[in-house]
Amino acid sequence: MSTRPSALASADSCAASSSAACEPLPVLGSDVLVPLVTGGEVTYAALDYAASAPALRRVWDDIAAYAPYYGSVHRGAGYLSQLSTDLFENSRKDVAAFLGCRADDQVVFTRSTTDSLNLLAAVAPRGTQVFVFETEHHASLLPWRQRADIAVHYLSAPRSPRQAVETLETALAGRAAEGPALVCVTGASNVTGELWPVRELAAAAHAHGARIVLDAAQLAPHHPVDIAAADVDWVAFSGHKLYAPFGAGVLAGRADWLREAQPYLAGGGASRKVARRDDGGIDVEWHTTAARHEAGSPNVIGVYAIASACKALTEAGFEGLVARERQLIAKVRAGLAEVPEVRVLSLFGDDAPRVGVLSFVVEGWNSSHFAAALSAEYGIGVRDGLFCAHPLVRTLLDSEPDEPGECGAPEAAPGERALNAIRVSFGAGTPDEHVERFVRAVRELVRDGARWSYRTEDGRCVPDRG
Ligand code: PMP
């Protein structure tokens with residue numbers, strides 16, 4: 001059995017690709033100047049794509065072109081209402097095409113990946129058993145616990161893609177009860193950026209009569225996701241990580257669980273017919289389409305933005321995007337490897353294929369302090385903390401929950417364990433200069449120390465301005 005991550009595109013060098021995507025795609029904010037605590041200004045280096053990526057210029061232009069024509073969706077008789085309704089429903093088709101959906105799949109628009117996975121948890125049949133690795137993002141770990149009738153089986157952290165498949169197979173084979181089962185797995189880790197063997201996990205799930213949902217929040221912005229080819233039952237992702245930060249997300253996949261469950265939200269739009277009964281009660285007939293779970297006025301701007309991003313990425317070509325991102329990853333990894341005090345966190349090892357998301361700790365540094373200095377002294381935006389994947393980061397740091405120390409005093413003196421990590425993440429809009437500045441900043445901070453003093457304020461490390 002191959003454990004090569006299935007979603008991986010094949011291009012190895014940007015130059016080898018015919019795509020124009022060897023250049024960064026234009027994004028908003030690329031010329032924003034931010035002040036440095038040490039004086040002067042510098043263009044902001046957004047290296048926190050894994051949290052939220054900047055909007056693609058193309059997405060913004062599409063939204064701006066549509067904005068004057070904005071109207072109610074599914075409600076009005078007017079021209080702009082009809083136009084907006086068409087735009088909304090065509091966006092559904094564009095997203096289905098982007099994900100390679102099967103003919104009878106549904107595409108439900110939500111607010112985010114978190115919302116999508118909570119929706120799936122709400123519609124799972126009674127008594128479903130859920131299997132999820134403890135290494136998942138909290139959005140994948142937690143929604144199932146909202147249902148008293150769902151048993152959640154947490155699987156221990158695998159140390160290779162092969163071990164992930166074996167762990168899942170063992171857990172599914174040992175499943176005591178009959179009945180529906182669901183596996184929830186990430187496509188790319190929001191902590192290590194490592195790709196998970198989605199196709200193999202899907203095969204294991206199906207071989208044991210389980211279904212599988214792919215958390216593609218971190219995968220979709222970096223790699224093509226093909227729901228049919230990967231043979232996953234559902235895919236969830238967020239617009240704001242896919243260069244479309246206007247408050248919409250997607251759950252796409254098998255229609256049956258969605259059609260048979262009670263609506264996620266009850267209200268207009270989800271109901272096809274609401275009629276008075278002779279006894280004074282009310283009868284409701286719910287839609288059986290995606291609208292069943294989209295009650296209320298839909299976020300047409302957010303949805304159109306996602307469709308626009310899907311088209312922009314497809315037209316730019318994932319082959320070139322992947323190749324270019326690999327070059328950026330190689331640059332960051334090579335730069336960090338030259339600083340012995342830096343430890344990059346990894347579950348699957350150095351050779352594991354990954355997207356542009358890397359977490360690390362710096363010996364002798366409090367991670368919050370380090371991230372604050374990157375921002376204040378270099379204009380670089382990264383994230384520090386546990387990245388809403390506490391069990392995974394704890395495993396990688398080999399540390400137990402504790403309050404991090406004051407940022408002025410390093411929590412991780414040489415030989416001690418860090419309590420938090422630093423994450424750098426990038427993607428289609430990242431110019432080389434941003435990762436080069438980041439590598440230089442890490443080297444200088446470790447060699448020379450911070451040039452400013454910092455203090456803890458409301459739990460955050462901030463420059464001490466006296
Ligand atoms: N899954 C993964 C892997 C993520 O990285 C995130 C966001 N960090 C989520 C789910 C949740 O996404 P959202 O906050 O957009 O709901």
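How far apart do the C-alpha centres of domain 1 and domain 2 lie? They lie 31 Å apart.

## Model and domains

This is a predicted model, in which local features need pLDDT of at least 70, side-chain atom pairs count only at pLDDT 80 or more, and totals for chains, interfaces and linings use all residues. Residues are numbered from 1 along each chain as its sequence is written, and side-chain values use heavy atoms, with hydrogens and water left out.

Domain 1 is made of 33-46 + 318-463. Domain 2 covers 62-314. These bounds come from an automatic or database domain assignment.

## The domain interface

Contact (heavy atoms within 4.5 Å) links 30 residues of domain 1 with 29 residues of domain 2. The two domains bury about 2500 Å² between them. Buried area is the accessible area (1.4 Å probe) that two parts lose on being put together, summed over both. Carbon and sulfur atoms give 62% of the area. Three residues, Phe-318, Leu-347 and Phe-348, supply 32% of what domain 1 buries against domain 2, more than any other three residues.

Domain 1 and domain 2 share 1 salt bridge, a term for a side-chain nitrogen of Lys or Arg within 4 Å of a carboxyl oxygen of Asp or Glu. Arg-354 and Glu-194 form a salt bridge through their side chains, at 3.3 Å from N to O.

## The domain 1 side

Helix H10 (318-337), strand S14 (357-362) and helix H12 (390-397) each give two or more residues to the side that touches domain 2. H12 gives the largest share, 6 residues. Helices (H or I, at least four residues) and strands (E, at least two) are DSSP runs, numbered from the N terminus.

By class, this side has 20 nonpolar, 7 polar and 3 charged residues. Ala, Val, Leu, Ile, Met, Phe, Trp, Tyr, Cys and Pro count as nonpolar; Asp, Glu, Lys and Arg as charged; the others, Gly among them, as polar.

Strands S11 (residues 271-276) and S12 (residues 282-286) run antiparallel, joined by 5 bridges. Pairing requires at least two DSSP bridges between two strands. Val-274 stands opposite Val-284 in S12. Lys-273 stands opposite Glu-285. The hairpin has 5 residues between the strands, and Gly-280 takes a positive phi near 95°.
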